[in-house]
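Hi everyone, thanks for coming. I'd like to walk you through one model today, so please have a look at the screen while I talk.

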Amino acid sequence: MGAKQAGTRAVDPRVRRSEQALQNAVLDLVGERDLESITIADITQRAGIGRATFYLHYKDRDDALLAAVDESVSEAAHRAAQCCPTHFTDDVVGTPEPLVGFFAYFHENIRLYRVLFGPDGSARLAYRVRTAVTEQITKELVDLDVPSPSGEGRLVVAPAARAAFLSGALLGAVAAWLEEDTPRPAQEVADEVWVLLTTVTATG
């Protein structure tokens, strides 16, 4: 639900249908045009719902889009959390499947994420993606008690700092990749990123 309707009480099916119609309308429009050209009037017209009903659920266009992409962002964050190099043993051969799957997921949803990460995207939405990914990676590192890369004279790095680094590296690679006129295969990009990650995080 939108921010205005958050709570634990049961949701009226009619309310949920309205929300779903609005979210579907937002995603449809994002796939067709630049984000900045989409208005609340466009969304309500596509959804077949009045403007007053829109404001019962969302405070503005970006709020509606945040709700619409929340499930996708959560999935991206979950996949990112599986990509920490310290998750994998030294005998891993080639790029780990979770990293390939991470990039494949963005490729499958390329129209949406080109909008979110593109030059005409929303800063609020980009921040939501970055925050969700960083928080999920931090949780993964803490829950699994993943050690900081160690070695004589090396600083022990806190999980939050490692998560911020990995999140920035992964999302930066995604953003650059999606800017390509014809994005290369996910496997190829994942292979490159794996080389970079393992070089930077190597122990010793």
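Ser167 sits in helix 8. Setting aside residues up to four places away in sequence, Ser167 touches Arg130, Val133, Thr134, Ile137 and Gly172, with contact meaning heavy atoms within 4.5 Å.

A word on the ground rules. This is a predicted model, so local features need pLDDT of at least 70 and side-chain atom pairs count only at pLDDT 80 or more, while totals for chains, interfaces and linings use all residues. Residues are numbered from 1 along each chain as its sequence is written, and side-chain values use heavy atoms, with hydrogens and water left out.

Now the overall picture. The protein chain has nine helices and zero strands; helices (H or I, at least four residues) and strands (E, at least two) are DSSP runs, numbered from the N terminus. Of the 204 residues in the protein chain, 42% are buried. Among contacts with a separation of 6 or more, 67% are between residues 24 or more positions apart.

What holds the middle of the picture? The largest nonpolar core has 59 residues. By nonpolar core I mean a set of buried Ala, Val, Leu, Ile, Met, Phe, Trp, Tyr and Cys residues joined through side-chain atoms within 4.5 Å. The residues with the most contacts inside this core are Leu65, Phe102, Phe103, Phe106, Tyr113, Phe117 and Leu170. At least two core residues each come from helix 1 (13-30), helix 2 (40-47), helix 4 (61-81), helix 5 (97-108), helix 6 (110-117), helix 7 (123-143), helix 8 (159-178) and helix 9 (186-200). Helix 4 gives the most, with 11 residues.

Please find Phe103 on the screen. Leaving aside neighbours within four places in sequence, Phe103 is in contact with Leu170, Ala173, Val174, Trp177, Ala186, Val189, Ala190 and Val193.

Next, helix 6. How many of the eight residues of helix 6 are buried? Six of them are, so helix 6 is largely enclosed by the rest of the structure. The buried ones are Ile110, Leu112, Tyr113, Val115, Leu116 and Phe117. Their cover includes helix 1, helix 4, helix 5, helix 7 and helix 8.

On to a helix pair. Two packed helices are described by the angle between their axes and the distance between the axes. For helix 1 and helix 2, the axes come within 8 Å and cross at roughly 115 degrees; axes here are lines fitted to C-alpha atoms, for helices over the stretch in contact, and angles run from 0 to 180 degrees between N-to-C directions. On the helix 1 side, Ala21, Leu22, Ala25, Val26, Asp28 and Leu29 meet Asp42, Ile43, Thr44, Arg46 and Ala47 of helix 2. Those residues divide into seven nonpolar, one polar and three charged, counting Ala, Val, Leu, Ile, Met, Phe, Trp, Tyr, Cys and Pro as nonpolar, Asp, Glu, Lys and Arg as charged, and the others, Gly among them, as polar.

Let's look at one residue from each side. Leu29 in helix 1 counts as buried, at 2% relative accessibility. Beyond its neighbours within four places in sequence, Leu29 is in contact with Ile38, Asp42, Ile43 and Arg46. Leu29 and Asp42 are 13 residues apart in sequence and 8.2 Å apart in space, C-alpha to C-alpha.

The Thr44 side chain reaches the backbone oxygen of Ala41 at 3.1 Å. Again leaving aside neighbours within four places in sequence, Thr44 is in contact with Leu22, Ile49, Gly50, Arg51 and Phe54.

Two last stops. Ala132, in helix 7, counts as buried at 9% relative accessibility, and apart from neighbours within four places in sequence, Ala132 is in contact with Val73 and Ala77. Pro98, found in helix 5, counts as partly exposed at 32% relative accessibility. The C-alpha atoms of Pro98 and Ala80 are separated by 8.1 Å, with the two residues 18 apart along the chain.

That's my tour, and I'm happy to take questions.

Definitions and conventions:
Buried < 20%, exposed > 50% of the residue type's maximum accessible area, 1.4 Å probe, protein only. Polar contact = N/O pair within 3.5 Å; in protein donor to acceptor, adjacent residues only side chain to side chain.
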